[in-house]
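Hi everyone, thanks for having me. I'd like to walk you through one structure today, so please have a look at the screen.

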Amino acid sequence: MLRTFIALLAGLLSTCMLPSAGSGQDLQLVHRSWTLRDHAPRFIGALAQDRDGYLWIGSNDGLFRFDGLVFERITPPPGQRRTAIVVTALVADPSGGVWVGYGGHGGVSRFANGVMLSARMPKPPLEITDLSFDRTGRLWASGSGEMSGLWRLAGREWRETVMSNGQPIDQPGKVFVARNGTTWIPAWGDLFYQRRGSGILERAPFKPKKVSSLFEDRHDVLWLLDTEGLRGLPAWDEGARSAPRPPVARSPANQFIKAIMDDRARIWAVTVTSGAFSVLPADGKIGRITEANGLASDRAWAVLSDRGGNIWIGSERGLDRFRTALIKDVPDLPRNAPMGYHMAVVDGRVFVASGDAVWSMTVGRPSRLAVSIREGVSALCAGASHQVWALDDDEAIAVSGPNRGERVRLPDSVSDLPSCAVDREGALWVASDTFGLVQLRNGAWRRHMLSASLGVPYIVTIDRRNRPVVITKLNAIVRLDGTRLQVWHGDRIGFEQPLAFGYDAPQLVLGGVTGLLRLGEHGSEKLDVSDHPWLRNIKGITAQPDGRTWLIGYYGIFRVATKALDQAFAHPHRPIPHETFDQDDARIAVPQRNVGLQAATGGDGSLWMLTRRGVMTVGAGVTTVGMAPPFSIRIASAKLPERTYADPHDLKLPNNPGTLTLVYGALDLTTALQRRYRTMLQGADDRWVDREDGREVSFANLSPGSYRFVVQTNGRMGEWQEPGAALAFTVAPAFYQTRWFLILSGLVVLTLIWIGHRWRMSVIGERMRRRARTQAEERERIARELHDTFLQSVQGLMLRFQAIADTFKPTTRERVLMEAALNRSDDVLLEGRERVMSLRTDRVQGDLRANLTSTVGREADIAFNGADREIVDEVVEEIDAIVSEAVSNARRHAGADHILVTVEFESRALTVTIADDGIGIDPAIELAGAKPGHFGLIGMRERARVLKARLVVSRRASGGTSVQVVVPSSTCYVRQRWWRTAPVIGPRSR
């Protein structure tokens, strides 16, 4: 962006119009220069344009490639001597690339496909002065100084061309091949030719002055330019014997001349002391181009005509570009007039006023003074009956028409710039912030009052239906249709600041700060700067008979097809194809402050425009010069923090590359500042991003993957050119971003989860062991208490009852009852001792199969399905208790005849089902989960909850009740470690 701004600033400072004699009128040129401050090389001695369109520059600083905006240095070939870096000659290879001639015995090299290779000239001269291709595609090299001569490259072999006496040609110039096949070789003070098919080198009967250049015009006439001048040569190669003609033009004083002929047969020459000049052989008139009118330096060494019609001149201070101006200055009108300019058109005649003068204008002819107004012109307008009116601060003066010379005093003196218009009846309308809107009819002024809320009128025009239309200071647009007013408030319709009236075909178009507005009979349409930025601040609009409309605004002068502009109002968001004439021509200044007509079309179709700098015109039927095919665009480099890739393609970037900067640019030697860009990075974001005039873009933190960068530029008409340039590249993943690393990481995570799960199971097992120990200790405590207190007390009580019984006779009823009670007490004591013994048992003895078989006994049938698994002892105990309670309930409460206990060893769970054929559980109890006052079902649920198991009690469809407990495998089964077999949770059981 900064470089673009500097280039633009330099262009504005160094651009000028260069008049040059030729064909009866001044030749106007657009000039642009690049110097050291623009990073241009100095002491330029050679120029060439390659097949792709790049400008190649040879200088004392080396070889450069220029795309219209950026100078790119090209390094010498490998092994080139450091004293042989000065580039003295260039020629483009028709097959692509460029040939480079060096000074300092550096010989010749060829640059192609991004590589510079030496052509291995065996004995190179001190300096290669010229390189050229003949019509057969052979390369010729001219050398001077030590080992001076002329060489031709045949295959890979260099062959020297010598005179008939075997001596080399002394300081040959540029080899020229005429249309008839004759090869002409100018030399220092000599001229040679070689006929087609002949191997004999002949000397011409003429000795040029020092170095000369040869050209052939459209009539096959050969011309020679030397330090003496330009002259035509006889056809000596075809047998002519006459002497050369006298010079038709004398060269400026100089010591050295190098010249070319452009497509229009104009010769452009550079000298080492007198700058540059141009001449047409047809008239011999020379136009000088020197430092006085903008040339970077009078010491010029190289000249080139490119395919776009530009003339390039290289000098010791930099590079200059000239091209024929499409939009020309009117040379005999004052420039940068303090009071600006005014314009009016009547019956195809164009009138321009500035200061105290009004001129009548015709393209290609001198301006004619129509009238002088001592007080100075502040407005100019024209209308019916050939009338042209000029306004000063106090009066309206008839400049042309039946009332020419008439003066009518204004209603009041104007304090600001007024505006005027003439209707079909010849009535004069004037708008001024001093007295508003007035109409002059039959010598009297009539005031038209507008509401104060609309503001004071200050610009007026007459539309196609002869209705006055005004713009007010409050940005309102008012159309007077008899006694009816039609009003558009700019602030309300998004047209905040109207500036000027344009063409009226068939609807009136206005220009403004925010775009264009078209007025209909019942509404309006607009084109907004948010969609078309180039439409900012439009002050002049004119439609021409050839179907093109010209606009002048803040960003320059624009040309667009009238039909395309009309259609754009129906589709206001679509791009409008248009040509731009802007900063590349500094004569095209921004619009001036004056109101009124700023762009107009003459009766002959010529275009006239007013700017702050002066009056500009385009002749009828003139087309754009230097039109180029679609602009080529390239990606010049890809930059990483540690490396730069020149002319990149299919890049493979390392992992974590940092910030990637892509440098790109369009090849445009004529209008480089008009190029805009948009980019897309496919693989990251498939949307276009406008880059305006930026020529590089950076991407940071690119993830591993494949990408495709695409860049496009705008064409001559503003459209985006497809397909643009593209660069595919990949970013390698870091080791931690590779697939194998992700798989390994996943395995590690799964392992950690597995270890965490095993640890969790271990914690659960430890909890269960602690609970088992706690339960065992509590049972032992209860057993001790029962044994040491309750059972001992019962035993003592029984002894007392026995002593009492012994007091009764054995046959008495009391003794019998006491003995029976004592016997029952013995049974209770025995049962208590068994319970104490049971409480002191630490673990359930035996495996699950044995425990359940013992518990169920003959009360129920039992079945086992699946391979037996090791079961944690605590689980065995809880399941045994649940089964015991369920079987007991079935016998005592359900009246069941048959009970079946099923045990299923499954991989995910242990399932135990107790099913009976009794009366079935009461639905109310099933719904409540327990019978009031009873705790059997509650106990079973509590035991299941301890095991994290699922307990389901339900009625069977075939009758009876089903109790099912499902214990997850993580809780009930003993895990097997791969290195040894050991229980994870507590002791194991089967």
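Let's begin with a single side chain. Glu859 has a relative accessible area of 39%, so Glu859 counts as partly exposed. Keep in mind that what you see is a predicted model.

Which residue does Glu859 meet in a salt bridge? The partner is Arg891, with 3.3 Å from N to O. Arg891 is partly exposed too, at a relative accessible area of 31%. Now find the two on the chain: Glu859 sits in the loop between helix 6 and strand 66, while Arg891 belongs to helix 7, and 32 residues separate them.

As an example, Ala863 stands opposite Thr902 in strand 68.

Next, the nonpolar core. The largest one has 41 residues, and among those that touch the most other members are Leu848, Ile879, Val883 and Ile914. Which helix gives the largest share of this core? Helix 7, residues 873-893, with 8 residues. If you pick out Ile914, you'll find that its contacts include Val883, Ala886 and Val887, as well as Val901 and Val963. Apart from this core lies another, of 28 residues, including Leu63, Phe111, Leu304 and Leu667.

Back to salt bridges to finish. The count comes to 41. One of them joins the side chains of Glu72 and Arg634, at 3.3 Å from N to O. Glu72 is in strand 5 and Arg634 is in strand 57, 562 residues apart. Are these two buried or exposed? Glu72 has 25% relative accessibility, so Glu72 counts as partly exposed, whereas Arg634, at 17%, counts as buried. There is also a network of salt bridges that links Asp463, Arg465, Arg467, Asp481, Arg484 and Glu521.

Key: Residues numbered from 1 in each chain as written. Predicted model: local features only at pLDDT ≥ 70, side-chain atom pairs only at ≥ 80, totals over all residues. Heavy atoms only, no water. Core = buried A, V, L, I, M, F, W, Y, C linked by side-chain atoms within 4.5 Å. Buried < 20%, exposed > 50% of the residue type's maximum accessible area, 1.4 Å probe, protein only. Helix = DSSP H or I, 4+ residues; strand = E, 2+ residues; numbered from the N terminus. Contact = heavy atoms within 4.5 Å. Pairing = 2+ DSSP bridges. Salt bridge = Lys/Arg side-chain N within 4 Å of Asp/Glu carboxyl O. Lists of a residue's contacts leave out its neighbours within four places in sequence.
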